[in-house]
Amino acid sequence: MASHSSKVFLCFLGRANVRGPGLQDTLHRVTYSTAQSVNTAAGNRGPPDRGGRGPFTRKPRRDPGEPRTEKMSVDQDWTAVYPSATPFRSNAVPLPVRMGYPVKRGIPPEKKGNLELIKIPNFLHLTPAAIKKHCEALKPFCTEWPSALDTDAKCDEHFPVKSESTDYVSAGPSVRNPAARIVHLKVKMSTLNLDDHARKKMIKLVGKRYCKASDVLTITTDSCPLRKQNLEYAMYLLTVLYHESWKTEAWEAEKTVADMEDYSWEDSQSQKNILDTLVRMKVVGEGEGEEVREQLLGRREVQDYKDSVTRLKNEGESEITMLQYKDAVKKVFSL
Amino acid sequence: MIFSCPSSPSPKNMAAPMTLRREIVSLARILTGISHLGTTALGARSSHKKYNVIRSHLPLTPSTSFHTATVLSSKPSSITITEEPDVLFQKVSVLVKGHDRAVLDSYKFFATMAAEELGITISKVYEPAKEIDRLTLLKSVHIFKKHRVQYEMRTHYRCIEFSHITGCTAQAYLEYIQRNLPEGVAMEVTKTAMEKVPDHILEPMWKDHPIEDKPSQ
């Protein structure tokens, strides 16, 4: 048994010797009690073959032979060599590729036994020829886009409701991503059948979800665990908003000036001011009372002034609105 | 609304001018030879359609037989066409993220070429700015607070946007793209689907069902 174990030892030592020259120093320093010396073990190629008997015979090692690249023809079918995603095989890729850092002002190492080339994902299975073949097989499953909907404007006109959702693909312990359940529903308010009161009420009901600049109502739902449920909930919300905004409740009659979305000039401070000023200036002549004010209101300059003030308040200050206001004021005071 | 949609490979007995939905029976079978999708897909679609047209009877393998040897049928897998109207996507945006720019470049070439072959309109291909995540940690296990080491993780992005793509095409193309996603690369797909205004929002219901005059809560 001892000799057998020593042969096993030698077998390991022999293999270690063949691998690297640096190990030989350590071997000489190691003191093992072996039947045979280390030098004879270094000369053998593996353990002594006992004529095919016993459990420790090894198959004779064959020479690797010439690489497959030598036998490849120029016009071969590459899709047959790399039909699917496989690691890089240096003897199967007939390209003189080098990869790695050039140590000591040298050159990048060659492809044979190069770990860097094996580590990086390669696209050898997705050459243009392979992509064409795959797409030919996929074409029967594709449908064409309806030709009548070639511009975005037409799409918006016929299909105004847009639902947006995201799918996530990544490697990890789980395939699922909880963010995939979120649904954004976008509708342009102008496409819905709403009258003036309903429109204003709906805007008030949704609050921040309405963008005034683009007239888009966005409903985002993520309270349900599945995307289908979230989509249905968003449609339900839209339906409820629509129908509720057509209703007029009793307390809506208490709407004050502060609640109004748009500025209206009638019964506003601006009207009182301008009428008071004109009456004091005695534009009309003598006379006080309601008829004078109504007469003033009917005048064209006052109407222009009313338009310019309304525009300023609703649209904000800009070059055009300020100029319009200036012109209106000049006309009213006949400057 | 009826659109004139000339789908080029129109089936022989289809007269309806609505866009059709084609059943992906076993797309995987063609690509990699695994057939476990066919049964589940067929079962789900058959439930809710009024007109049940062409139904080809494939040798349906039960879904639990994934690990047993599946016999690939010698005849080509037939395509089932149902009357269900196809989903229309106004925009499909594919964002790929990875640590290696070269891998993302190759993937972008592959995705754009595949889209061109299948006839999908590519509206934009661009590269959002990379993001760098930096950490500063202590170099030593114990004490030496002044000596630190810094690590960073760089995430590169590529975005490909497609416009005007149907549901069937999107499904086929995205599945193809995702099966060939290289290791170490993640993807986010944002789809914007278009729908009509549903029937219950066309008219307010109070016209048909007027509310009684009672105070609301």
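**View 1. Polar contacts between chain B and chain A.** Twelve residue pairs, both members at pLDDT 80 or more, are in polar contact between chain B and chain A. A polar contact here is a pair of N or O atoms within 3.5 Å; within protein, one must be able to donate a hydrogen and the other to accept it, and residues adjacent in sequence count only if both atoms are side-chain atoms. The side of chain B that touches chain A draws at least two residues from each of α1 (27-31), β3 (88-98), α3 (101-118), β6 (148-166), α4 (167-179) and β7 (185-195) of chain B. Helices (H or I, at least four residues) and strands (E, at least two) are DSSP runs, numbered from the N terminus. β7(B) gives the largest share of that side, ten residues. By type, the side of chain B that touches chain A holds 39 nonpolar, 15 polar and eleven charged residues. Ala, Val, Leu, Ile, Met, Phe, Trp, Tyr, Cys and Pro count as nonpolar, Asp, Glu, Lys and Arg as charged, and the others, Gly among them, as polar.

This is a predicted model, in which local features need pLDDT of at least 70, side-chain atom pairs count only at pLDDT 80 or more, and totals for chains, interfaces and linings use all residues. Residues are numbered from 1 along each chain as its sequence is written, chains are lettered from A and ligands numbered from 1 in the order in which they are written, and side-chain values use heavy atoms, with hydrogens and water left out.

**View 2. The area buried between chain B and chain A.** About 5600 Å² is buried between the two chains, with carbon and sulfur atoms giving 68%. This is the accessible area (1.4 Å probe) that two parts lose on being put together, summed over both. His164(B), Glu195(B) and Ile201(B) supply 12% of the area that chain B buries against chain A, more than any other three residues.

**View 3. Strand β1 of chain A beside β7(B).** β1 (residues 161-169) of chain A pairs with β7(B) in the antiparallel sense over nine bridges; pairing asks for at least two bridges found by DSSP. Asp167(A) has Val189(B) as its bridge partner in β7(B). The side chain of Asp167(A) also meets that of Lys191(B) in a salt bridge (3.4 Å, N to O), where a side-chain nitrogen of Lys or Arg lies within 4 Å of a carboxyl oxygen of Asp or Glu.

**View 4. Ser165(A) in strand β1 of chain A.** Ser165(A) sits in this strand and counts as buried because its relative accessibility is 13%, the limit being under 20% relative accessible area (1.4 Å probe, protein chains only). Leaving aside neighbours within four places in sequence, Ser165(A) is in contact (heavy atoms within 4.5 Å) with Ile182(A), Arg227(A), Val189(B), Thr190(B) and Lys191(B).

Key:
Buried means under 20% relative accessible area, exposed over 50%, partly exposed in between (1.4 Å probe, protein chains only).
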